[in-house]
Amino acid sequence: MKPSGLPGERLQKLLANAGMGSRRHLETLIGEGRVKVNGVVAKLGDRATAEDRIELDGRPVGGKRLAGNQRFAIIYNKPEGELVTRSDPEGRKTVFERLPRLPFGRWIAVGRLDVNSAGLLLFTNDGELANLLMHPRNQIEREYAVRVNGEVSAGMVRQLVAGVELEDGPARFEDVVESGGEGSNRWFHLVIMEGRKREVRRLWEAVGATVSRLKRVRYGPIILDSSVKVGQWRELDAEERKALLEVAGLKKGDRPWGNLKRTPAKKKASAAAGSSPWKTKKRR
């Protein structure tokens with residue numbers, strides 16, 4: 001274990017790059033004394049290299065895994081009914097069952113969707129990238145297509161954009177655009193900057209409406225297009241990778257990109273339900 005002034009990477013970054021979790025989560029594990037380096041309980045600020053003997057909850061983290069430096073990222077079209085968790089005590093299907101195998105590390109979900117929601121999920125083996133994409137300070141847009149039951153007035157929409165007080169604090173939509181339907185079953189596209197639990201549904205409930213369908217169609221610069229069918233995945237292309245690093249504030253050459261064995265599907269024109277009425281904005 002190396003003091004903070006010596007060579008090596010900060011322990012949480014080294015483990016995050018190895019796909020052991022987001023940097024924030026790993027900082028918590030280190031603070032709880034669950035990580036050891038060369039037999040000594042680590043503390044925040046410690047540095048290490050792939051040559052050090054690192055243990056997480058008593059299990060060694062392999063040197064090959066620590067040395068693996070390639071970054072991978074995929075887009076996945078989640079169907080309703082799947083859980084964003086690695087395992088479920090009730091035996092329900094999880095998104096991880098359909099994902100490709102990585103040569104090293106493990107997939108980290110960028111944000112979550114509840115079991116009754118569908119659409120775009122990003123996965124990466126880079127814990128630092130995942131953390132930056134999810135952190136509220138980076139103000140990265142998430143866009144959803146939602147079908148709402150109940151009458152929706154212009155006043156309700158204005159209230160949702162102005163802000164509503166929820167049990168865990170104020171929340172709001174950046175914008176709301178009507179996109180089809182009639183009567184009490186109307187579709188809207190909306191943008192939100194956070195990823196709190198059931199936030200979209202709770203906001204509509206706060207003004208007296210109920211979401212009957214919810215599909216995420218964009219996360220930052222990444223749009224769910226028609227090339228990714230429900231329950232399928234594809235790797236990000238070069239342009240998407242560049243845009244993702246830019247919105248996260250990472251340098252293009254900080255880490256090489258790896259390629260999975262399967263050839264990515266050729267991108268097609270966006271599907272109607274997955275198209276975006278807004279141009280992507282970079283918010284910092």
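This is a predicted model: local features need pLDDT of at least 70, side-chain atom pairs count only at pLDDT 80 or more; totals for chains, interfaces and linings use all residues.
Just after helix H2, Gly 33 takes a positive phi of about 75°.

Helix H2 covers residues 23–31, and its buried residues are Arg 23, Leu 26, Leu 29 and Ile 30. Seen down the axis of H2, these buried residues fall within an arc of 115°, so they line one face of the helix. In general, an α-helix has 3.6 residues a turn, so residues three or four places apart point the same way. The partners against which the buried residues of H2 pack are helix H1 (11–17), strand S2 (35–37), strand S5 and helix H4 (127–134).

The protein as a whole contains seven helices and 17 strands. Of its 284 residues, 49% are buried, and its accessible surface comes to about 14,000 Å², with 49% of that surface belonging to carbon and sulfur atoms. Among the contacts between residues at least 6 apart in sequence, 69% join residues that are at least 24 apart.

The largest pocket has a volume of about 1,100 Å³. It is lined by 38 residues, and those that lie nearest its centre are Ala 109, Gly 111, Arg 112, Met 134 and Gly 195. Helix H2 returns here, for it supplies at least two residues of the lining, as do strand S8 (108–110), H4, strand S10 (142–149), helix H6 (199–206) and strand S15 (210–219), each of them.

Two aspartates in loops can be described side by side. Asp 46 is found in the loop between strand S3 (40–41) and strand S4, while Asp 52 sits in the loop between S4 (47–48) and S5 (54–56). Asp 46 has a relative accessible area of 4% and is therefore buried; Asp 52, at 12% relative accessibility, also counts as buried, because the cut-off for that class is under 20%. In sequence, Asp 46 and Glu 9 are 37 residues apart, yet from C-alpha to C-alpha they are 8.4 Å apart in space.

| Side chain | Partner | Distance |
|---|---|---|
| Asp 52 | side chain of Asn 38 | 2.9 Å |
| His 189 | side chain of Glu 143 | 2.9 Å |

His 189 is found in strand S14, and with a relative accessibility of 5% His 189 counts as buried. Its side chain is joined to that of Glu 143 by a polar contact of 2.9 Å.

Arg 198 lies in the loop between S14 (185–192) and H6. At 35% relative accessibility, Arg 198 counts as partly exposed, because this class takes in values between 20% and 50%. When residues up to four places away in sequence are not counted, Arg 198 touches Asp 114 and Glu 205. Asp 114 and Arg 198 are 84 residues apart along the chain, and their C-alpha atoms are separated by 7.2 Å.

Definitions and conventions: Residues are numbered from 1 along each chain as its sequence is written. Side-chain values use heavy atoms; hydrogens and water are left out. Helices (H or I, at least four residues) and strands (E, at least two) are DSSP runs, numbered from the N terminus. Buried means under 20% relative accessible area, exposed over 50%, partly exposed in between (1.4 Å probe, protein chains only). A polar contact is a pair of N or O atoms within 3.5 Å; within protein, one must be able to donate a hydrogen and the other to accept it, and residues adjacent in sequence count only if both atoms are side-chain atoms. The arc is that of the directions from the helix axis to the C-beta atoms. Contact means heavy atoms within 4.5 Å. Accessible areas come from the Shrake-Rupley method with a 1.4 Å probe; for residues, only the protein chains shown count as cover. On a 1 Å grid over the protein atoms alone, a cavity is a set of points where a 1.4 Å probe fits but cannot get out, and a pocket is an open set with protein on both sides within 12 Å along at least five of seven lines; lining residues have an atom within 4 Å of a point. Grid points are joined across faces, edges and corners, and a volume is the space filled by probe spheres set on the points.
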